[in-house]
Amino acid sequence: MLNKKLALFSLLVTLMSQAVCGGTSPASQNVDPCSAADRLKQELATVGVERFTAPDYKPGLIRHIVLFRYNGAVSSEQKEEVIRRFLALRTLAKRNGRTYILSIETGSEISGEGLDQCLEQGFIVTFKSQGDRNYYVGQPVVTDSSFYDPAHQAFKDFVGPLLDQNGALVFDFSVGKYKDIHARCSFQGSQ
């Protein structure tokens with residue numbers, strides 16, 4: 001299971017590297033890197049902030065991947081403090097007195113493929129809905145502080161000065177969207 005997660009994480013880093021650099025195939029050059037953010041902002045304007053951040057808004061597992069590249073002046077002790085504070089969000093991040101983050105995993109970059117772009121630390125945060133993810137993320141999408149998590153905002157305020165310019169990479173996806181395709185391909189291959 002751990003090997004599958006590491007392989008998935010490595011694949012995502014590779015794909016994100018290609019997206020940042022404009023891709024390596026003609027198909028990847030048609031992707032607008034800002035379209036997901038633009039769609040979310042439009043969705044927020046359409047449904048309203050209260051619905052957009054509701055716990056039952058678009059249920060289904062969401063993986064929120066965060067990768068950090070620290071600036072050169074950051075010490076190993078400061079990096080450990082970043083990890084400690086990020087992992088503490090699992091119990092500190094609350095809505096109506098209850099935790100809403102399902103899990104947080106972390107690890108240091110160990111790929112060796114040369115595509116890491118000097119990103120050093122990765123985190124995977126799992127939510128039970130897009131509404132929970134939206135509440136967690138907050139700014140810049142959700143700007144009304146009544147509808148985003150102050151604990152996560154405090155963490156972002158802490159870690160921001162420790163990161164290199166463009167030192168955070170974030171990638172979210174819905175778990176299971178392609179399960180049926182994989183299952184059909186596996187089934188057809190075994191006939």
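# Close-up views of a predicted protein model

**View 1. Strand E5 and its covered residues.** Strand E5 (residues 121-129) is mostly covered, since eight of its nine residues are buried, where buried means under 20% relative accessible area, exposed means over 50%, and partly exposed lies in between (1.4 Å probe, protein chains only). Helices (H or I, at least four residues) and strands (E, at least two) are DSSP runs, numbered from the N terminus. This is a predicted model, in which local features need pLDDT of at least 70 and side-chain atom pairs count only at pLDDT 80 or more, while totals for chains, interfaces and linings use all residues. Residues are numbered from 1 along each chain as its sequence is written, and side-chain values use heavy atoms, with hydrogens and water left out.

**View 2. The partners of strand E5.** Two strands are said to pair if DSSP finds at least two bridges between them. E1 and E5 pair in the antiparallel sense over eight bridges, and Leu-67 stands opposite Gly-122 in E5. Strand E4 (residues 103-108) also runs antiparallel to E5, to which six bridges join it, and the bridge partner of Ile-104 in E5 is Val-125.

**View 3. His-64 and its surroundings.** His-64 lies in strand E1 (residues 59-70) and counts as buried, at 4% relative accessibility. Which residues does His-64 touch, not counting those up to four places away in sequence? Among them are Phe-123, Ile-124, Val-125 and Phe-127, together with Tyr-136, Val-137 and Asp-172, where contact means heavy atoms within 4.5 Å. The side chains of His-64 and Asp-172 are also joined by a polar contact of 2.6 Å. A polar contact is a pair of N or O atoms within 3.5 Å; within protein, one must be able to donate a hydrogen and the other to accept it, and residues adjacent in sequence count only if both atoms are side-chain atoms.

**View 4. Gln-130 in helix H5.** Gln-130 is found in helix H5 and is buried, with a relative accessible area of 18%. When its neighbours within four places in sequence are left aside, Gln-130 is in contact with Tyr-57, Lys-58 and Ile-62.

**View 5. Pro-140 and a cis peptide bond.** Pro-140 is found in the loop between helix H5 (130-137) and helix H6 (150-159), and this residue is exposed, with a relative accessible area of 61%. The peptide bond from Gln-139 to Pro-140 is cis, with omega near 10°. Although Pro-140 and Lys-41 are 99 residues apart in sequence, their C-alpha atoms are 9.4 Å apart in space.

**View 6. Two asparagines with positive phi.** Most residues other than glycine have a negative phi, and most peptide bonds are trans. Asn-96, however, has a phi near 55°, which is a positive value, and Asn-166 also has a phi near 55°. Asn-96 lies in the loop between strand E2 (94-95) and strand E3 (98-99), whereas Asn-166 lies in strand E6 (residues 163-174). Are these residues buried or exposed? Asn-96 counts as exposed at 75% relative accessibility, and Asn-166 is exposed with a relative accessible area of 63%.

**View 7. The protein as a setting for the close-ups.** There are seven helices and six strands in the protein, and of its 191 residues, 32% count as buried. Among contacts between residues at least 6 apart in sequence, 72% join residues at least 24 apart.
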